[in-house]
Amino acid sequence: MQEVEFHLIETNGIRLHTAVAGPEDGELVVLLHGFPEFSYGFHHQMEALAASGYRVVAPDQRGYHLSDKPEQIEDYTINKLSGDIAGLIEAFGETSAIVIGHDWGGAVAWHLAASKPEYVKKLIAINIPHPAAMPRVFMKNPLQWLKSSYMAFFQLPEVPEKLMAANDFESMKQAMKGTARPDAFTDQELERYKDAWSQPGALTGMLNWYRAIRKGSLLQMPKAPLPMPVRIIWGLGDQFLSPMLATESLKFCENAELVWVGEATHWVHHEQPEIVNRLIKEFLA
């Protein structure tokens, strides 16, 4: 078991609560969680990469768990979110890193790679498309509108927070369990998530990532082809995102490969950690 330390890292005008593991002289790997997780969501990958000699950092991204939670929706546009990670890389004394992201964390990783490619040596996106692929697939695949309809609900003020917190966050626990394979999340793990969701302002901070879409957040995405090596890992049973999004994302990369993982959903890094860890380590090597 790798020892994990926790630090408050100042970056981009805020502080990110960050889990750190692995040797200090190891190559830097940044793990970016999605909604509604926090840094713990990558614990399977963090342990494996640290044991392989990498310096692994996993922040609670802004709005989440113990990191700062700015109040304005405009503070959650994707250019600010990726700016947090550029500053995080610099805070660890590096000019670039391997960046791995899942869900919204993957969107931040895509944006950082597209807008500041010098910061990203290699990119791994797990069940998240290049943001510019979304509108293309919406036009081709009407079913994706249905899969993404929850985003419209999240735009409402206050109501989503009240429903999500009701009955000790039961709906959030069930949403994660219900869209994953059986036993993907243990009761003990869900308690950890509940503790993170319970932090003052956390639910609003988390939802503000979605609310910032109406402030033009995803329009900030450069469309120039990504120059660095990219690997997309995709659990085929994703209930939120069509596989078409993964194939469309390849068009925004100069050097990319797509790996499908069967018997997995949106939560592939929890359901098939050994496969995902092997795919990550092979690509990094």
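**Sheet, cores and a loop residue**

Me: How many strands form the open sheet, and in what order?
Reply: In this predicted model, 8 strands form an open sheet in the order β1-β2-β4-β3-β5-β6-β7-β8, with mixed pairing; strands (E, at least two residues) and helices (H or I, at least four) are DSSP runs numbered from the N terminus, and two strands pair if DSSP finds at least two bridges between them.

Me: Which are the edge strands?
Reply: They are β1 and β8 (256-261), each of which pairs on one side only, and the twist averages 25 degrees from one strand to the next.

Me: Which helix packs on the sheet, and what does that helix touch?
Reply: Helix α1 (residues 43-51) packs on the sheet and touches β2, β3 (28-32), β4 and β5, its direction making about 160 degrees with that of β4; contact means heavy atoms within 4.5 Å, while axes are lines fitted to C-alpha atoms, for helices over the stretch in contact, and angles run from 0 to 180 degrees between N-to-C directions.

Me: Before going on, what do the numbering and cut-offs rest on?
Reply: Residues are numbered from 1 along each chain as its sequence is written, and side-chain values use heavy atoms, leaving out hydrogens and water. Since this is a predicted model, local features need pLDDT of at least 70 and side-chain atom pairs count only at pLDDT 80 or more, whereas totals for chains, interfaces and linings use all residues.

Me: Back to pairing: do β1 and β2 run parallel or antiparallel?
Reply: Strands β1 (residues 5-11) and β2 (residues 14-21) run antiparallel, joined by 7 bridges, and Glu10 has Arg15 in β2 as its bridge partner. Their hairpin has 2 residues between the strands, and Asn12 takes a positive phi near 55 degrees there.

Me: And β5 with β6?
Reply: Strands β5 (residues 97-102) and β6 (residues 120-126) run parallel and are joined by 5 bridges, with Ala97 standing opposite Val120 in β6.

Me: New topic: which residues have the most contacts inside the largest nonpolar core?
Reply: Those are Val30, Phe35 and Trp110, in a core of 67 residues to which helix α3 (residues 104-115) gives the most, with 8 residues. A nonpolar core is a set of buried Ala, Val, Leu, Ile, Met, Phe, Trp, Tyr and Cys residues joined through side-chain atoms within 4.5 Å, where buried means under 20% relative accessible area (1.4 Å probe, protein chains only).

Me: Last one: where does Asp75 lie?
Reply: Asp75 lies in the loop between β4 (55-59) and α2 (78-91), and its side chain makes a polar contact with that of Lys80 (3.4 Å); a polar contact is a pair of N or O atoms within 3.5 Å, where within protein one must be able to donate a hydrogen and the other to accept it, and residues adjacent in sequence count only if both atoms are side-chain atoms.

Note on methods:
Buried < 20%, exposed > 50% of the residue type's maximum accessible area, 1.4 Å probe, protein only.
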